[in-house]
Amino acid sequence: MGVGLRRNLTMTFAVIVSVALSLALFGGSLLMSDQVNNMKGYWYDKVNVSVFLCNKSDAESDPNCAKGAVTEDQKKQIMSDLDEMAVVEKVTYESQDEAYKHYKEQFGDSPLASSLTPDQMQESYRIKLQDPEKYQVIATAFDGRDGVQSVQDQKGILDNLFGLLNGMNWAARAVMALMLVVALMLIVNTVRVSAFSRRRETGIMRLVGASGFYIQAPFIMEAAVAGLIGGGVACGFLVIARYFIIDHGLALSEKLNLINFIGWDAVLTKLPLILATSLLMPALAAFFALRKYLKV
């Protein structure tokens with residue numbers, strides 16, 4: 001087997017590199033999916049629907065508040081209706097003073113912050129839903145009601161972000177698929193060249209009564225070993241990438257602490273799958289290549 005690998009050293013190296021890159025992309029796309037799902041679970045659990053109430057400024061400029069600022073009776077009625085809705089898990093009221101304080105904390109450096117006063121801020125109800133997908137129930141019930149300026153769903157902002165991340169993930173999968181095709185073509189070509197260079201040996205084995213599988217086995221094993229080496233390299237890429245990008249080096253887990261990054265368990269559970277794929281894919285490719293192109 002070692003002799004066979006050395007005879008086609010250049011092509012064997014090309015197989016190892018292409019398998020390593022394609023399976024690294026394969027593992028990376030799986031981890032990317034886990035990361036997106038992890039972020040969805042983390043952020044969707046924190047999603048609020050906000051019902052913003054009309055203030056005096058809105059009454060002068062916003063068509064939704066043409067009937068004037070929200071009244072105490074309207075606020076009580078909104079709160080009562082929210083309490084009766086089964087989709088609502090929790091309701092938090094935010095006054096104008098609290099909204100002003102939060103705005104100053106987040107955007108205190110903004111030039112606009114110095115010109116704002118508490119009475120220009122909007123009172124609101126922050127609503128946590130049992131199911132974030134049921135936002136439309138709140139929007140239908142309160143959008144356009146007297147005293148309500150707007151109903152906003154934070155999930156819409158997150159959906160745009162996750163749509164972008166999913167698009168990047170599908171692009172990575174497309175590149176991965178292309179690399180897998182290239183790897184398979186290299187494996188098939190390497191096996192054919194190896195078999196051709198050893199046609200005299202295989203002919204002698206056939207004459208002495210060796211079975212077809214016995215003759216094919218060395219070629220299959222050589223392809224499997226080359227693939228397994230490539231799979232090991234791919235696993236190394238993923239481990240190093242997780243270590244330097246998230247934990248150390250770039251240290252994104254420290255710089256982007258608002259993102260709930262996947263843990264080592266997600267990486268380690270993918271490694272056996274990558275190694276199994278790196279072993280089986282070249283072996284099967286070699287098996288079918290020999291059946292199709294060699295009469296052994």
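1. Leu-21 sits in helix α2; helices here are DSSP runs of H or I with at least four residues, strands are runs of E with at least two, and both are numbered from the N terminus.

2. A word on provenance. This is a predicted model, where local features need pLDDT of at least 70 and side-chain atom pairs count only at pLDDT 80 or more, while totals for chains, interfaces and linings use all residues. Numbering runs from 1 along each chain as its sequence is written, and side-chain values use heavy atoms, with hydrogens and water left out.

3. The overall picture: the protein chain has 11 helices and 4 strands. Of its 296 residues, 39% are buried. Taking contacts (heavy atoms within 4.5 Å) between residues at least 6 apart in sequence, 80% join residues at least 24 apart. The accessible surface is about 16,900 Å², and carbon and sulfur atoms own 62% of that; the areas come from the Shrake-Rupley method with a 1.4 Å probe, and for residues only the protein chains shown count as cover.

4. Ser-22 counts as buried because its relative accessible area is 0%. Leaving aside residues up to four places away in sequence, Ser-22 touches Met-176, Met-179, Leu-180 and Ala-183.

5. Back to Leu-21, which belongs to a nonpolar surface patch along with Phe-13, Val-17, Ile-229, Val-233 and Phe-237, with about 510 Å² of accessible area together. Helices α2 and α9 (212-247) are the elements that give two or more residues to this patch. For the record, patches take residues with over 30% relative accessible area and no salt bridge, joining like charges within 9 Å and nonpolar side chains (Val, Leu, Ile, Met, Phe, Trp, Tyr) within 5 Å.

6. How many disulfides does a search of the whole structure find? The search finds 1, using a cut-off of 2.5 Å between cysteine sulfur atoms. The partners are Cys-54 and Cys-65, with S to S at 2.0 Å. The link is left-handed, with -80° about the S-S bond. Cys-54 is in the loop between β1 (49-53) and α3 (56-61), and Cys-65 in the loop between α3 and α4 (72-84), so the pair ties together parts that are 11 residues apart in sequence. Both cysteines, Cys-54 and Cys-65, are buried.

7. Salt bridges deserve a look too: the whole structure has 7, each being a side-chain nitrogen of Lys or Arg within 4 Å of a carboxyl oxygen of Asp or Glu. One of them pairs Asp-34 with Lys-270 at 2.6 Å, N to O. This pair links distant parts of the chain, with Asp-34 in helix α2 and Lys-270 in helix α11, 236 residues apart. Asp-34 is partly exposed at 26%, whereas Lys-270 is buried at 13%.

8. Two further bridges involve the loop between α6 and β4. Lys-67 meets Asp-146, with the closest N and O atoms 3.5 Å apart. Lys-67 is in the loop between α3 and α4 and Asp-146 in the one between α6 (135-142) and β4 (148-153), so the pair ties together parts that are 79 residues apart in sequence. Lys-67 is exposed at 71%, and Asp-146 partly exposed at 36%. Arg-145 bridges to Asp-81 with the closest N and O atoms 2.7 Å apart. That pair links the α6 to β4 loop with helix α4, 64 residues apart.

9. Thr-277 is in helix α11 (residues 264-293) and is partly exposed at 23%. Thr-277 touches Leu-23, Phe-26 and Pro-282, not counting residues up to four places away in sequence. A search of the whole structure finds 3 aromatic pairs. In one of them, the rings of Tyr-243 and Phe-244 have centres 5.0 Å apart and planes at 85°, so the pair is edge-to-face. Rings of Phe, Tyr and Trp (its six-membered ring) pair if their centres lie within 6.5 Å, and planes under 30 degrees apart count as stacked, over 60 as edge-to-face and the rest as tilted.

Terms used
Buried < 20%, exposed > 50% of the residue type's maximum accessible area, 1.4 Å probe, protein only.
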